[in-house]
Amino acid sequence: MVGRHTARTGRAALVAAGALALAAVHPAAGATPPPAPGPVPSAAQTLGADRPSAAMLQALQRDLKLTSAQATTRLVNEAEAGTRAGRLRNALGAHFAGAWVNGTTAAQLTVATTRSLDASAIRAQGAKAVVVKTSLSDLRAVKDKLDKAALRAKAVATPVRYVDVRTNRVVVQATTRQAGNALVKAAGVPAERVAVRVSKERPRPLADIVGGDAYHINNEFRCSIGFSVTKGEQNGFASAGHCGKPGDNTTDPNGGEQGTFQASTFPGKDMSWVGVTSGWTVTPTVRGAGGATVNVAGSVEALVGASVCRSGSTTGWHCGTIQEQNATVTYEEGTVNGLTRTTVCAEPGDSGGPYLAGAQAQGTTSGGSGDCTSGGTTFFQPINPTLSDFGLTLVTATAQNNAPLPQDTAADAWATGRVYETGATVTFGNVRYQCLQSHQAQGAWAPESTPALWQRV
């Protein structure tokens, strides 16, 4: 985990920091006619990727060795790729085997399928088609068996397991090849679906009890603020679960009263949220380089290969790329599931800090290995499960839609504040839509006006 810490904040503002046929976008018989044609925002416009902050561009140039033009282009490409990947994932169904972006500017979207007849439809969406043996759902089933076997064995020598969609394998990171092979055997999974990678590194919670420019827990530990959130009338922020337990008190770096942990989950997951006192105001921002702030526009989940930047009270603002999603990590304190693995560095005290892909919140720092001098690997807890589990609403800079929304009475009616996963279906204005990218719904993102996030079915 990346220890207890928080981005620096002021008293008045809390800085959170068959062949495949694609679904036709035509209304079903009897459905309400679509609204009059109007300007349709691109995915980049919807997600704010076309308006990156200076802090985001500067960090991407520094950490990914990009020019300013390359960094700008990359963010737009990543946003557009997410929508295309979502459409293909929904259309491929059980044959879907993963999607990722690559290249200096993330210009190439690759989509894997287990059915060769799907290749032409994938290419029609401007993506590279790769035909593989195992679907993503089957790989995840293999990983689940490995996780259960690791839990029984306490997984000391096999601390990390994840699905690598680019190699169509489940990866077991082990301290020795013998330990990795033993876990595969104990799990009873096909060896050809697993790759054992030997590494002496062991991820750890990056806790720091020294203190510093962060928030403190019970005057003993420190962590970093993640993202500003609300729950009803209560303001607060999301952070890491290992930072504190329900009831633990938090203070600012100067010892001033701040808030109380309302809920926390660790191990299993690594998520928490702190409710703050009335002296603190939530803002849709995180702390970037040099103290500048970066806006948060939503929580749309980025693809494997996409760029991501992290803020932390120990090491500040650093960027890298997403390597794998749904990783399982066994720390000495216990096993955490559903993490995202990245190339971003971090150090003790950075725990709980926010990760952003463009202007989209991705998650909060959990743990990792290495440091920001020699480089390292970190894992973050995705933010959407945190919002969903605790019933939180992410504070965003996205303009809210003040126009009256359709009052659907269907059981699956679209609703703001809900977290929707890719493939979920809703009713809005008596029309059916399918989700293209995992995100928390907000007023400005109604299905009829956000083709980057919803597809009419």
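A word on the source. This is a predicted model, in which local features need pLDDT of at least 70 and side-chain atom pairs count only at pLDDT 80 or more, while totals for chains, interfaces and linings use all residues. Residues are numbered from 1 along each chain as its sequence is written, and side-chain values use heavy atoms, with hydrogens and water left out.

Let me begin with the sheet that contains β1, β2 and β3. Helices and strands here are DSSP runs numbered from the N terminus, with at least four residues of H or I for a helix and at least two of E for a strand. Two strands pair if DSSP finds at least two bridges between them. On that basis, three strands form an open sheet with mixed pairing, in the order β1-β2-β3. Its edge strands, each pairing on one side only, are β1 (96-102) and β3 (128-131). From one strand to the next, the twist averages 20 degrees. Angles run from 0 to 180 degrees between N-to-C directions, and axes are lines fitted to C-alpha atoms, for helices over the stretch in contact. Helix α3, residues 68-92, packs on this sheet and touches β1 and β2; the direction of α3 makes about 15 degrees with that of β2. Contact means heavy atoms within 4.5 Å.

Strand β2, residues 108-113, runs parallel to β3 and is joined to it by four bridges. Within that pair, V111 stands opposite A129 of β3. The loop between β1 and β2 holds A106, a residue that is not a glycine and yet has a positive phi of about 55 degrees.

I turn to the helix pair. Helix α5 (residues 136-153) packs against helix α6 (residues 177-187) at an angle of about 110 degrees, and their axes are 8 Å apart. Why is α5 described as roughly perpendicular to α6? The reason is the angle between them, because 65 to 115 degrees counts as roughly perpendicular, with under 35 roughly parallel, over 145 roughly antiparallel and the rest oblique. On the α5 side the contact is made by K145, L146, A149, A150 and R152, and on the α6 side by L183, V184, A186 and A187. These residues divide into seven nonpolar, no polar and two charged. Ala, Val, Leu, Ile, Met, Phe, Trp, Tyr, Cys and Pro count as nonpolar, Asp, Glu, Lys and Arg as charged, and the others, Gly among them, as polar.

Next come the spaces. On a 1 Å grid over the protein atoms alone, a cavity is a set of points where a 1.4 Å probe fits but cannot get out, a pocket is an open set with protein on both sides within 12 Å along at least five of seven lines, and lining residues have an atom within 4 Å of a point. Grid points are joined across faces, edges and corners, and a volume is the space filled by probe spheres set on the points.

The largest cavity holds about 170 Å³ of space. It is lined by 18 residues, of which L47, E78, A79, A302 and A357 are the closest to its centre. Which element gives the most to this lining? Helix α3 does, with four residues.

The second largest cavity holds about 80 Å³. Its lining has 13 residues, and those closest to the centre are E301, A302, Q362, F380 and P382.

The largest pocket holds about 730 Å³. Of its 34 lining residues, R89, R140, E301, Q325 and S438 are the closest to the centre. The lining divides into 12 nonpolar, 15 polar and seven charged residues. Among the elements that each supply at least two residues are α3, β1 and α5.

The other sheet is also open, with three strands in the order β25-β26-β28 and antiparallel pairing. Its edge strands are β25 and β28 (454-456). Strands β25 (residues 425-428) and β26 (residues 431-435) pair over four bridges, with F428 opposite V431. These two strands form a hairpin with two residues between them, and G429 in the turn has a positive phi of about 60 degrees. Between β26 and β28 there are three bridges, and C435 has W454 as its bridge partner.

Finally, the peptide bond from F266 to P267 is cis, with omega near -5 degrees. P267 is found in the loop between β13 (257-265) and β14 (271-276).
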